[in-house]
Amino acid sequence: SGLADFPRPVHRRIPNFKGSRQACCSIKELDVFNRAHEVKVDPDKPLEGVRLAALQARKTLLVPTPRLRTGLFNKIVPPSGATKEILRICATSQGIKEYSVPVGLDGKARVDLVVVGSVAVSEKGWRIGKGEGYADMEYAMMVSMGAVQEDTPVVTIVHDCQVVDIAEELLDDHDLTVDYILTPTRTIKTNCKRPKPQGIIWHKVSYEMLGKIPILKSLRYREQQTGKDVTLQDEHSDLANANTPAALNEKAMAENTRPQAATGSAQIGQHYVESDSLSPRLEGSGMITTVYVGNISPSVRVSELKCALREFHATPLRLNWQGAQHRAFLDYKDKATAESAVSSLKGLSLGGNTLRVELAKNQRNKGQVEINSQK
């Protein structure tokens, strides 16, 4: 109908539309906006006007990182004395890149208002997004980290033609509902009574999603430490298959025939080295690749790191713990295994610190002395 605005095409996007600025401006008339100190607004183009309104009102503006690839939020920090034009730039996708700082899991975010984009929404507050689940996941993650409460209002901005009837059977437990709908001509209070997500529903999360969203791994580890069931979607089917008589019999035979791993460990002061001697032929072969783990909190024990390594399927051949220097070195059998470990551990938070995980600058098999130069 010629209602779509830049960027085109609108397929697979939260569509921008003619009149989006007008719809965004009406948020200034909502008490929930005026009372809010901290506002989370999605990075979609049709929400640019809301981001600008939040900055102009001197509110703290949080914007999710695209597809949650590098964390959960970016906090937009305009330069001191920013002009109206600079604030306009800060509200754009380019401004989000240039004027933002990441907010980690321990950033103590307390969001008073959530603004999301939609493909379609009903007057009852039932919402459909692009179908990838990122807005729903963002909200569930905010619940898990205590950033939103049950009564935190959710607003969406759409064109009038996007307000449609949606069958309730299309909704699932993880779907986010909205409390207010703003269009170029209307402000709709939905009075939606359907509960919002109460946190991450782990049995609906796949290993693939866990791999795509590094911060999800840290949240899962945190919740596991508190005793919550964090069994993944894939693990449910694995467990079902593993408990068949044939699988149990195969497992028993494997246990009886598997050679026992000989593990040697030594602890001297703050240094701790544990090695698995299953692969002694790798010693000195030039294949070993070392991963550096830094920014370890002083409160973290080596046992906690080992537990996390097992959880993320990143157990090394050898662990060199240097707690006094807030770091550790992990030896893997080859570069591919080391890179896989780096990918698995990226975004992991222990003891309130997000770990710095990368391939060691100087590989251990080039000499023990070189490790000590890692900063």
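Contact here means heavy atoms within 4.5 Å. Helices (H or I, at least four residues) and strands (E, at least two) are DSSP runs, numbered from the N terminus. This is a predicted model, in which local features need pLDDT of at least 70 and side-chain atom pairs count only at pLDDT 80 or more, while totals for chains, interfaces and linings use all residues. Residues are numbered from 1 along each chain as its sequence is written, and side-chain values use heavy atoms, leaving out hydrogens and water.

The open sheet has 8 strands with mixed pairing, in the order E4-E3-E2-E1-E5-E8-E9-E10; two strands pair if DSSP finds at least two bridges between them. At its edges lie E4 (100–103) and E10 (187–189), each pairing on one side only. E1 (residues 38–41) and E2 (residues 60–64) pair in the parallel sense over 3 bridges, and Lys40 has Leu62 in E2 as its bridge partner.

| Helix | Residues | Angle to strand |
|---|---|---|
| H3 | 48–56 | about 150° to E2 |
| H6 | 134–144 | about 150° to E1 |

H6 also meets H8 (residues 214–225): their axes come within 11 Å and cross at roughly 40°. That makes the pair oblique, the class left after under 35 degrees (roughly parallel), over 145 (roughly antiparallel) and 65 to 115 (roughly perpendicular). In this contact, Met137, Met141 and Ser144 of H6 meet Ile215, Leu216, Leu219 and Glu223 of H8.

Note on methods:
Axes are lines fitted to C-alpha atoms, for helices over the stretch in contact, and angles run from 0 to 180 degrees between N-to-C directions.
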